[in-house]
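The following note was prepared for a colleague who asked for a reading of this model. Its points are numbered so that each may be checked against the coordinates.

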Amino acid sequence: MVLRVAVIDRDACNPSKCQRECYRFCPPVKMGIPAVEFKDDEPYINEELCIGCGICVKKCPFQAIQIVNLPQELETNLVHQYDINGFRLFRLPVPVRDKILGIVGRNGTGKSTAIKILAGKLIPNFGDYTRDGNIDEVLEKFAGTQLYYYFKDLYNGRIRVAYKPQEVYLTPKVVSGKVKNILKSIDERGEYDVVVDALSLDEALDKDVKELSGGEVQRLVIAAAALKDADVYLFDEPSSFNDVFQRMRVARYLRRLASKRYLIVVDHDLAFLDYISDFVSVVYGSPGAYGIFTRP
Ligand code: SF4
Ligand code: SF4
């Protein structure tokens with residue numbers, strides 16, 4: 001038995017400029033079985049009726065379809081599905097207090113989805129994309145595991161999250177002012193001097209955010225997250241835009257920050273992750289279609 005995953009990239013799919021090849025060439029459709037249907041001019045693939053032949057994948061002129069066969073056992077590990085024929089995430093990485101969890105994997109395989117779930121910004125729906133996720137269901141699903149205690153504390157407000165997003169290039173568009181004023185205004189831990197020194201932000205302190213180099217913006221955003229008084233620190237791609245020396249400074253500082261806290265780092269730089277992490281969780285899959293986290 002296989003778990004059929006049919007994903008349609010809605011941005012790529014363009015029914016007004018194709019001949020609806022996904023429908024016309026589908027063998028079950030030709031036999032009167034509605035494996036592909038159009039609703040409001042959008043195609044939908046019924047995964048229970050699809051036979052996984054892959055003809056629609058080859059025929060679609062916009063490469064909008066992925067059909068994947070996964071082991072049936074994975075079905076019970078489905079954590080989140082965005083939509084019908086949408087991306088699916090299986091399993092989650094497991095944070096451990098006092099340790100740095102590194103996360104590595106190709107883009108589009110669910111790293112950001114996992115981070116949002118661990119930050120409490122997205123409640124997983126366990127595959128029922130027709131409704132929002134439910135906190136009680138999350139606790140029930142993870143009962144008896146380390147993640148149960150993590151989510152219980154997160155949802156009860158007993159742990160606070162600080163998040164460094166990946167898209168630091170947006171910072172100069174939404175934040176203005178001098179670096180030192182920004183950092184002082186968010187210093188909840190009284191660590192301003194330590195963080196400025198550790199991340200070598202001294203020369204940037206009197207600059208406006210718009211005058212910063214890419215590496216300085218990155219370190220400013222890392223500093224802003226690190227100065228928050230939190231129990232969980234999530235850093236998405238902290239090594240980007242920095243040279244190897246700056247990366248080592250960032251890594252050394254994050255290692256200090258991890259003491260008595262949860263610290264999760266997503267990064268594409270394997271040497272950086274190898275240096276910084278106490279353990280690493282790998283996510284593999286097909287970009288845009290599915291991602292599977294390795295077991296802890
Ligand atoms: S999936 Fe491909 S063939 Fe089907 S409607 Fe979209 S663009 Fe056309
Ligand atoms: S994989 Fe084959 S059976 Fe499934 S929707 Fe595509 S053409 Fe139809």
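How many residues does helix H10 have, and what distance does H10 reach from its first C-alpha to its last?

1. Helix H10 spans residues 214-226, a run of 13 residues. From the first C-alpha to the last, H10 reaches 18 Å, close to the 18 Å expected at 1.5 Å a residue. As with everything below, this comes from a predicted model.

2. Overall architecture. The protein has 296 residues, of which 48% count as buried. Its secondary structure comes to 12 helices and 12 strands. Taken along the principal axes, the C-alpha atoms fill a box of roughly 70 × 45 × 30 Å. Among contacts between residues at least 6 apart in sequence, 70% join residues at least 24 apart.

3. Of the 13 residues in H10, 12 are buried, and the helix is accordingly described as mostly covered. The buried set includes Val217, Leu220, Val221 and Ile222, together with Glu216, Gln218 and Arg219.

4. The largest nonpolar core. This core has 40 residues, and those with the most contacts inside it are Leu183, Phe235, Leu254, Leu263 and Val265. At least two core residues are supplied by each of strand E7 (100-105), H8, H9, H10, E9, H11, strand E10 (262-266) and helix H12 (270-276). H10 gives the largest share, 8 residues. Leaving aside residues up to four places away in sequence, Leu263 touches Lys99, Ile100, Leu101, Tyr233, Phe235, Leu254, Leu257 and Ala258. Another core, of 30 residues, lies apart from the largest one; among its members are Phe87, Leu122, Phe126 and Tyr155.

5. Which residue forms a salt bridge with Glu216? The partner is Lys207, with the closest N and O atoms 3.1 Å apart. Glu216 is classed as buried because its relative accessible area is 11%, under the 20% cut-off. Lys207, with a relative accessible area of 26%, is partly exposed. Elsewhere, salt bridges that share partners join Asp128, Arg131 and Glu137 into one network.

6. The structure holds 12 salt bridges. In one of them, the side chains of Glu42 and Arg10 meet at 3.3 Å, N to O. Glu42 belongs to strand E3 (residues 42-45), whereas Arg10 lies in the loop between strand E1 (2-8) and helix H1 (21-24), 32 residues apart. Both partners are partly exposed: Glu42 at 28% relative accessibility and Arg10 at 29%.

7. A further pair of this kind is Arg88 and Glu47, whose closest N and O atoms are 2.9 Å apart. Is Arg88 buried or exposed? Arg88 is buried, since its relative accessible area is 3% and the cut-off is 20%. Glu47, at 23% relative accessibility, counts as partly exposed.

8. The shell of ligand 1. Ligand 1 is surrounded by Cys13, Asn14, Cys18, Glu21, Cys22, Phe38, Pro43, Cys60, Pro61, Phe62 and Ile65. By class, this shell has 9 nonpolar, 1 polar and 1 charged residues.

9. Phe38, one of the residues around ligand 1, is found in strand E2 (residues 36-39). Phe38 counts as partly exposed, at 23% relative accessibility. Excluding residues up to four places away in sequence, Phe38 touches Pro15, Arg20, Cys22, Tyr23 and Pro43. Pro15 is 23 residues from Phe38 along the chain, and their C-alpha atoms are separated by 9.7 Å. Cys22 and Pro43, both touched by Phe38, also belong to the shell of ligand 1.

10. The shell of ligand 2. Around ligand 2 stand Cys26, Pro27, Pro28, Val36, Ile45, Cys50, Ile51, Gly52, Cys53, Gly54, Cys56 and Ile67. This shell has 10 nonpolar and 2 polar residues, with no charged residues. The shell of ligand 1, by contrast, includes 1 charged residue.

Notes
Residues are numbered from 1 along each chain as its sequence is written. Chains are lettered from A and ligands numbered from 1 in the order in which they are written. This is a predicted model: local features need pLDDT of at least 70, side-chain atom pairs count only at pLDDT 80 or more; totals for chains, interfaces and linings use all residues. Side-chain values use heavy atoms; hydrogens and water are left out. A residue is near a molecule or strand if one of its heavy atoms lies within 4 Å of it. Ala, Val, Leu, Ile, Met, Phe, Trp, Tyr, Cys and Pro count as nonpolar, Asp, Glu, Lys and Arg as charged, and the others, Gly among them, as polar. Helices (H or I, at least four residues) and strands (E, at least two) are DSSP runs, numbered from the N terminus. The expected span of a helix is 1.5 Å times one less than its number of residues. Buried means under 20% relative accessible area, exposed over 50%, partly exposed in between (1.4 Å probe, protein chains only). A salt bridge is a side-chain nitrogen of Lys or Arg within 4 Å of a carboxyl oxygen of Asp or Glu. Contact means heavy atoms within 4.5 Å. A nonpolar core is a set of buried Ala, Val, Leu, Ile, Met, Phe, Trp, Tyr and Cys residues joined through side-chain atoms within 4.5 Å.
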